[in-house]
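These are my notebook entries on a structure that I looked up. The sequence and the model come next, and my entries follow them.

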Amino acid sequence: MSTLIVDAVEAPTQSSISDLEAGPPGSFVVTLIIRRFIPEIDEEPRWQDFDVRVLPTDRILDALHKIKWEQDGSLTFRRSCAHGICGSDAMRINGRNRLACKTLIKDLDPTQPIYVEAIKGLPLEKDLIVDMEPFFESYRQIQPFLQASGNPVRERTQSVAARERFDDTTKCILCAACTSSCPVFWTDGQYFGPAAIVNAHRFIFDDRDEAAKVRLDILNDKEGVWRCRTTFNCSEACPRGIEVTKAIQEVKQAVLRGHA
Ligand code: SF4
Ligand code: FES
């Protein structure tokens with residue numbers, strides 16, 4: 001799925017200004033304080049306030065769209081599906097990693113300003129956009145694809161119990177909320193990070209796969225699973241509810257056993 005970078009510049013309109021004064025029943029004005037960084041003009045990131053009229057059931061992504069379309073077209077962020085599937089709009093909202101498209105205004109405290117900034121630990125490119133390449137490089141290194149020999153004439157079947165072993169880690173949408181909430185990753189960008197380990201787990205415990213040992217050796221590296229300090233930030237950050245820390249623990253145990 002391609003990811004749209006919302007980046008066109010539009011001028012605010014008169015109708016948008018009056019819209020702030022009177023909106024649909026139940027709407028109210030909330031303040032978003034967004035950490036901006038435009039590399040062409042900013043030497044350092046800066047905070048900028050925006051007042052925007054919203055409904056309680058609006059999401060942070062809706063508020064960002066309203067700001068972009070009605071107040072400041074230069075505001076830049078990623079989003080694609082807008083429904084929690086593509087993983088492109090992870091950001092820090094009130095100091096916690098979340099998906100903007102899954103965070104309802106009413107679930108925050110809209111009487112207070114809402115702080116929005118880019119996820120941490122990856123190079124900041126512009127406003128809410130970071131360079132995801134180091135994240136995907138770690139992902140590629142764990143060989144996230146099924147490796148099985150033979151030339152079967154029908155699908156490779158699997159028992160329900162065998163599938164259950166890695167069910168949780170199949171849910172990952174590669175949003176990076178876990179990895180970018182990890183204090184080890186903040187201080188050591190070489191650490192594979194929780195998301196890469198989650199995706200290694202998905203194949204290590206798949207009984208149709210034959211490359212578990214290869215992945216376990218990769219993760220036995222000094223930048224592998226042993227850097228995890230079990231702080232649980234990753235599990236708390238995951239918008240898919242994956243038990244990330246548990247998956248990392250299971251991979252650690254498999255490394256010690258030498259097999260899945
Ligand atoms: S494990 Fe969860 S938080 Fe981490 S990348 Fe996957 S979906 Fe995102
Ligand atoms: S825009 Fe796709 S997960 Fe939020």
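Which residue of β7 is the bridge partner of Ile-93? I looked it up and found Val-116.

**Entry 1: ground rules**

I note that this is a predicted model, in which local features need pLDDT of at least 70 and side-chain atom pairs count only at pLDDT 80 or more, while totals for chains, interfaces and linings use all residues. Residues are numbered from 1 along each chain as its sequence is written, and chains are lettered from A and ligands numbered from 1 in the order in which they are written.

**Entry 2: the whole protein**

I recorded nine helices and nine strands in the protein; these are DSSP runs numbered from the N terminus, helices being H or I of at least four residues and strands E of at least two. The C-alpha atoms fill a box of roughly 65 × 40 × 30 Å, taken along the principal axes. Of the 260 residues, 39% count as buried. For this I use C-beta atoms placed from the backbone: a residue is buried if 20 or more others lie within 10 Å of its own, exposed if 12 or fewer, and partly exposed in between. Among contacts between residues at least 6 apart in sequence, 69% join residues at least 24 apart; a contact requires C-beta atoms, placed from the backbone, within 7 Å.

**Entry 3: the sheet**

I then followed the open sheet, in which five strands stand in the order β3-β2-β7-β5-β6 with mixed pairing; two strands pair if DSSP finds at least two bridges between them. β3 (46–54) and β6 (96–99) are at the edges and have a single partner strand each, so one side of each is left without a neighbour in the sheet. On average, neighbouring strands are turned by 35° against each other, direction ignored. Axes here are lines fitted to C-alpha atoms, for helices over the stretch in contact, and angles run from 0 to 180 degrees between N-to-C directions.

I went through the pairs in turn. β2 and β3 run antiparallel and are joined by nine bridges, with Thr-31 opposite Asp-51 in β3. β2 and β7 run parallel and are joined by three bridges; here Leu-32 stands opposite Ile-114. β5 (90–93) pairs with β7 (114–117) in the antiparallel sense over two bridges.

**Entry 4: the hairpin**

How many bridges pair β5 with β6? I found four, in the antiparallel sense, and Arg-92 has Asn-97 in β6 as its bridge partner. The two strands form a hairpin with two residues between them. Asn-94 counts as partly exposed because it has 16 C-beta neighbours inside 10 Å.

In α7 (212–219), the buried residues are Ala-212, Arg-215, Leu-216 and Leu-219. Their arc is only 100° around the axis, which puts them on the same side of α7. What covers them includes α6 and α9 (244–257).

**Entry 5: loop residues**

Is Ala-22 buried or exposed? I found Ala-22 in the loop between α1 (14–19) and β2, and it counts as exposed because it has 8 C-beta neighbours inside 10 Å. Its C-alpha atom is separated by 39 Å from that of Leu-174, 152 residues apart along the chain. Leu-174 lies in the loop between α4 (160–164) and α5 (183–187), and has a positive phi of about 55° although it is not a glycine. With 19 other C-beta atoms within 10 Å, Leu-174 is partly exposed.

Asn-220 and Val-255 are 35 residues apart in sequence, and their C-alpha atoms are 6.7 Å apart in space.

**Entry 6: around ligand 1**

I counted as near any residue whose C-beta atom, placed from the backbone, lies within 6 Å of the molecule. There are 16 residues around ligand 1, of which Cys-172, Cys-175, Cys-178, Ala-195 and Cys-238 come nearest. Helix α6 (194–204) gives the most to this shell, with three residues. The shell divides into 14 nonpolar residues, one polar and one charged. Here Ala, Val, Leu, Ile, Met, Phe, Trp, Tyr, Cys and Pro count as nonpolar, Asp, Glu, Lys and Arg as charged, and the others, Gly among them, as polar.

Notes:
Arc of directions from axis to C-beta. Contact = placed C-beta atoms within 7 Å.
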